[in-house]
Amino acid sequence: MKDTNKIEARRVQVHYGQNHALRDVDVDILDKTVTAFIGPSGCGKSTFLRCLNRMNDTIPTCRVQGLITMDGEDIYDARVDPVQLRARVGMVFQKPNPFPKSIYDNVAYGPKIHGLARNKAELDEMVELAIRKAALWNEVKDRMQAPGTSLSGGQQQRLCIARAIATSPEVLLMDEPCSALDPIATAQIEELIDDLRAQFCVVIVTHSMQQAARVSQRTAFFHLGSLVEYGETGQIFTNPRDPRTESYITGRIG
Amino acid sequence: MNPDRHISRAFDRDLEAVQALVLKMGGLVEQALSDAATALEARDDALAEQVRNGDAAIDALEEQVNTECARLIALRAPTASDLRMVLSVMKIASSLERCGDYAKNLAKRSVVLGTMPVIEGASGGVRRMARQVGLLLKNALDAYIARDIGLAEEVRQQDRDVDQMYSALFREFLTHMMEDPRNITACMHLHFIAKNIERVGDHATTIAEQVIYLATGSLPSDERPKGEAVISGNGG
């Protein structure tokens, strides 16, 4: 279903202690769509991304105000278990961070702790499916017991994506997933992101504007803690409406 | 933060360089058009020859603009107004190259016309039209430099005057041809000349529209005003 809002944010404010990191962010994130967050360092894009799976809860000084809903449900409601939420909202980080375990165990970990598989055969199937979806299967199928850290950087990142999607999340958050990768591995991850959007709502934070232009359908530009402009990616990159967006994407402010 | 300049100053230099090329082209085209019209009126074959030879420089500049734009796209990945600038520069260069061809054609025909009897009042009318079109071209390029939408809009409106001048010349040539069939060859050449100058006016309009695209991100949507068309009755 295209054009359905998966996530809606209203007047979201984030403070880290005295620091007002995010101001009045209103945004609707579409399901089955790749949404890119761009903006200079410290603009609040990662902060906002981390609000979407309540990663900010782990920072004691952090205060999140406003409303964020997923499928219409307030994800900050007292009844929502953040651990369960994170099974529905997977995350991939900047540096590939496989567990110091086998390739198999890396991917099996999520389904195991959430009790998603009834038996070993079912778990095997889940692991294979996730690794296939992450476009890594052909490269690792013969060495599933090898340590995840023995893979190349690009393969490790795809392993982390496989790990993130093994619990069948609805939303996949990616914080600079390619910044530690070479251009070939980057292209493979971007290709994968494009495939993943058939099934997931993908939100990606990237410093590479070209990457945002290549992989996303929607782009949001953050600056100094505010969401400056949000729109169709083609429009943002050919004819942005806000002069600050224009200055940033043309390389005039950084 | 300086929103007028790129963080990469080399990018600014590249963009300025390619714009300078297109403006140089514009200058050559304006000169060629005006020289060709003067050569026609004064029956100055040497000047006409100079215009014909000068077209190669205009063509070479267009190629240089295209090469530079391709390089800019490949190396700088321009976006937003930078991208529109590169795209519009290529379009403008292609329009100017066509205008150069029309001036060259005018010069070619003026050499042929030099061997024929003078058609009363014709070359003066052509020169006036060429001057008007030259002005449109100049205004369109000035609008480009200043990103002046108002001036660009004026150029679009003023092209109507050129269309009317063309229609008037068309009727005049027709009258000459009907009066004396010996005028037909010369008037046919003059008619092509008038038509070509009218086409230059259309290109000036295209450039003006590119200015609007560059400044606003979209082409003007309304139909451009057209002068009286030469289609009915005695008008041919």
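How many bridges join β6(A) to strand β7 of chain A? Let's look at the views of this predicted model, in which local features need pLDDT of at least 70, side-chain atom pairs count only at pLDDT 80 or more, and totals for chains, interfaces and linings use all residues. Residues are numbered from 1 along each chain as its sequence is written, while chains are lettered from A and ligands numbered from 1 in the order in which they are written.

**View 1. β6 and β7 of chain A run parallel.** Here 4 bridges join β6(A) to β7(A), residues 171-175; strands are DSSP runs of E with at least two residues, helices runs of H or I with at least four. Met91(A) faces Leu173(A) of β7(A).

**View 2. An open sheet of 6 strands in chain A.** The order is β6-β7-β8-β3-β9-β10, with mixed pairing (strands pair if DSSP finds at least two bridges between them). At the edges are β6 (89-92) and β10 (226-232) of chain A.

**View 3. The largest nonpolar core has 70 residues.** Such a core is a set of buried Ala, Val, Leu, Ile, Met, Phe, Trp, Tyr and Cys residues joined through C-beta atoms within 7 Å; buried means 20 or more other C-beta atoms within 10 Å of a residue's own, with C-beta atoms placed from the backbone. Ala162(A) and Val202(A) have the most contacts inside this core, and α6(A) gives its largest share, 6 residues.

**View 4. Chain B meets chain A.** Each chain brings 14 residues to the contact, where residues touch if their backbone-placed C-beta atoms lie within 7 Å. On the chain B side, helix α3 (residues 80-113) supplies the largest share, 4 residues.

Note on methods. Two residues are in contact if their C-beta atoms, placed from the backbone, lie within 7 Å. A residue is buried if 20 or more other C-beta atoms lie within 10 Å of its own, exposed if 12 or fewer, and partly exposed in between; C-beta atoms are placed from the backbone.
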